[in-house]
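Work through these exercises with the sequence and the 3D structure open. Try each task before you read its solution.

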Amino acid sequence: MIGEYARVTPAELDRALGDPEWALTLVGARREAEADARPQPASARCLDVDKAWDALGFLLRRAGFPVDIVHGEEPVPGADDWGYGPPRYLTPEQVRKAAEALAGITGDGLTAGVGPADLAAAEVYPTIVWERGEPLDWVREYYELLRPFLCAAAEQGDGVLMWLG
């Protein structure tokens with residue numbers, strides 16, 4: 001399961017909420033267009049955090065993060081399964097609130113005081129990685145990609161669609 005994100009303008013978000021099939025087509029086209037170019041997170045319209053999504057969610061909840069930037073705040077109404085369930089979303093205001101909070105949390109700060117045993121005990125996906133005692137380095141790396149992606153979305157006034165693919 002891979003955590004995936006797509007930035008959308010307010011008009012695109014409105015349309016996506018009324019026509020989730022259109023949104024799936026839009027996201028697919030953007031992902032395909034960016035596949036070869038591999039833009040930096042701040043200029044990308046799509047981003048994935050690989051299998052780090054559940055660890056990010058665990059760490060952000062632990063930090064008392066004000067917005068669910070892993071699972072989104074609301075489901076897209078009427079959307080079919082985009083992989084492992086329907087997509088969810090953040091409004092531009094929620095993205096702005098998240099970006100403000102992200103500014104104060106570095107990757108090192110997010111993972112401080114937490115080790116693989118903590119993630120294994122909490123059954124954070126993929127549990128096998130934490131049971132083997134692998135460090136949280138790759139989770140920090142994905143967090144450091146997600147930060148500029150969401151901050152750029154906030155700066156542009158975008159909303160964000162997210163799903164597990």
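Predicted model: local features only at pLDDT ≥ 70, side-chain atom pairs only at ≥ 80, totals over all residues.

**Exercise 1. Find the salt bridge partner of Glu12 and say what the pair ties together.**

Solution. 
- Step 1. Look for the partner. Glu12 forms a salt bridge with Arg30.
- Step 2. Check the distance. The closest N and O atoms are 2.6 Å apart. The cut-off for a salt bridge is 4 Å, so the pair qualifies.
- Step 3. Glu12 lies in helix α1 (residues 10-18), and Arg30 lies in helix α2. The pair therefore ties together parts that are 18 residues apart in sequence.
- Step 4. Are the two partners buried or exposed? Buried means under 20% relative accessible area. Glu12 has 16%, so Glu12 is buried. Arg30 has 17% and also counts as buried.

**Exercise 2. Describe the salt bridge between Glu100 and Arg96.**

Solution. 
- Step 1. Take the distance. The closest N and O atoms of Glu100 and Arg96 are 2.2 Å apart.
- Step 2. Locate the pair. Both residues are in helix α4 (residues 92-102). They are four residues apart, so about one helical turn separates them.
- Step 3. Check the accessibility of Arg96. Its relative accessible area is 32%, so Arg96 is partly exposed.

**Exercise 3. State how many salt bridges the structure holds, and name the residues linked in a network.**

Solution. 
- Step 1. Take the total. The structure holds 10 salt bridges.
- Step 2. Name the network. Salt bridges link Arg7, Arg45 and Asp158.

**Exercise 4. Which residues form the negative surface patch, and where is Glu21?**

Solution. 
- Step 1. List the patch. Asp19, Glu21, Asp80 and Asp81 form it.
- Step 2. A patch residue needs over 30% relative accessible area. Glu21 has 42%, so Glu21 passes this cut-off. Glu21 counts as partly exposed.

Conventions
Residues numbered from 1 in each chain as written. Heavy atoms only, no water. Patch = residues over 30% accessible without salt bridge, like charges linked within 9 Å, V, L, I, M, F, W, Y side chains within 5 Å. Areas by Shrake-Rupley, 256 points an atom, 1.4 Å probe, with all protein chains shown as cover. Salt bridge = Lys/Arg side-chain N within 4 Å of Asp/Glu carboxyl O. Lys, Arg positive; Asp, Glu negative; His and termini not counted. Charge placed at Lys NZ, Arg CZ, Asp CG, Glu CD. Buried < 20%, exposed > 50% of the residue type's maximum accessible area, 1.4 Å probe, protein only. Helix = DSSP H or I, 4+ residues; strand = E, 2+ residues; numbered from the N terminus.
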